[in-house]
Amino acid sequence: MQELHDYVIITLGLLFYAVGFTCFQLPYEITTGGLAGAGAVIFYATGFPVQYTYFIVNILLLCIAVKVLGLKFCLKTIYAVFMLTFLLGFVQEVMIYIGQHYPESFAYINPRSHLPQVVNNNAFMSCILGAAIEGIGIGIVFLSNGSTGGTDIIAAIINKYKDVTLGQMMMLCDVIIITSSILLPEATVDKLLYGYCTLIITNLLLDYVVDRGRQSVQFFIFSKKYDEIAAAINETHRGVTVLDGQGWYTKQSRKVLVVLAKKRESTNIFRIIQNIDPNAFVSQSKVIGVFGEGFDKIKVKADKKEKQ
């Protein structure tokens with residue numbers, strides 16, 4: 001069921017990305033990052049469909065990723081590549097159909113892509129909306145341990161071993177792709193700047209979504225029914241540590257429960273405490289990072305001299 005849930009969420013994230021790219025970027029010929037952006041540059045120059053470029057190059061990258069990221073990660077990536085290839089083409093066909101049958105709803109339809117401009121005569125607003133939707137979509141995909149392929153694969157490989165954000169690595173790869181759009185015959189400086197704005201906004205939203213999804217909290221729970229609370233929390237597959245404490249005023253010994261959990265699990269933990277001991281004293285705080293089983297992996301390589 002968890003795997004099925006992941007694939008459903010990945011599909012949702014890919015749909016977000018396809019909508020943001022097709023509806024808000026292509027009609028204005030704004031170049032984004034990633035293989036979709038590289039495909040867009042080729043499309044603007046030759047008319048070769050974006051989804052075909054995206055698919056062909058991804059197949060080559062996946063051959064490398066299988067060895068580095070493992071088969072489980074690549075299965076989801078392969079699924080994402082096929083699904084996004086389909087969604088890019090599907091959303092384009094839907095938008096072209098709408099543009100042809102309801103032309104009065106749009107002020108301008110791009111003659112090259114036949115895509116209508118959803119945000120009429122406002123390239124900057126379209127750039128912001130498209131970048132935001134793309135960033136949210138990619139973030140949703142990464143939270144489900146998936147990838148949209150292309151530069152995401154490169155970023156995921158480096159993120160696996162180095163303590164750097166996905167957004168930073170993707171930005172490094174994507175700058176070259178966006179800058180290459182200046183070589184197009186009809187390229188202008190404003191479209192290049194829109195591309196850079198798209199890149200920045202997309203990666204900011206990506207990091208925001210991923211960080212929010214992985215945010216952790218720490219609980220200190222003081223209760224006479226500590227054993228019941230600990231057992232109930234442990235049944236949710238979340239670990240509990242019991243510490244010995246002493247009240248300074250009463251001089252009485254107390255047991256203190258320490259729980260590290262994902263932020264989304266906070267409500268469930270509070271419900272458990274409320275049901276067992278409504279008078280319990282609870283402290284909740286955010287933590288910057290939690291590493292180990294059930295949380296993130298430590299991505300800093302150990303010093304070889306120290307290991308010896």
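Predicted model: local features only at pLDDT ≥ 70, side-chain atom pairs only at ≥ 80, totals over all residues.
**View 1. An open sheet of four strands in the order β2-β3-β1-β4.** The pairing in this sheet is antiparallel. Strands β2 (241-246) and β4 (281-287) stand at the edges, and each has a single partner strand, so one side of each is left without a neighbour in the sheet. From one strand to the next, the twist averages 25°.

**View 2. The antiparallel pair formed by strands β1 and β4.** Strand β1 spans residues 216-222 and is joined to β4 by seven bridges. Within this pair, Gln 218 stands opposite Ser 285 of β4.

**View 3. Helices α9 and α10 against the strands.** Helix α9, comprising residues 226-234, lies across β1, β2 and β3 (253-262). The direction of α9 is at about 15° to β3. Helix α10 (residues 266-276) also packs on the sheet, where it touches β1, β3 and β4. Between the directions of α10 and β1 the angle is about 10°.

**View 4. A nonpolar surface patch that includes Ile 42.** Ile 42, Phe 48, Tyr 52 and Ile 56 together make this patch, with an area of about 360 Å². Ile 42 is located in helix α2, which covers residues 34-46.

Key
Residues numbered from 1 in each chain as written. Heavy atoms only, no water. Patch = residues over 30% accessible without salt bridge, like charges linked within 9 Å, V, L, I, M, F, W, Y side chains within 5 Å. Areas by Shrake-Rupley, 256 points an atom, 1.4 Å probe, with all protein chains shown as cover. Salt bridge = Lys/Arg side-chain N within 4 Å of Asp/Glu carboxyl O. Helix = DSSP H or I, 4+ residues; strand = E, 2+ residues; numbered from the N terminus. Pairing = 2+ DSSP bridges. Axes fitted to C-alpha atoms, helices over the stretch in contact; angles between N-to-C directions. Contact = heavy atoms within 4.5 Å.
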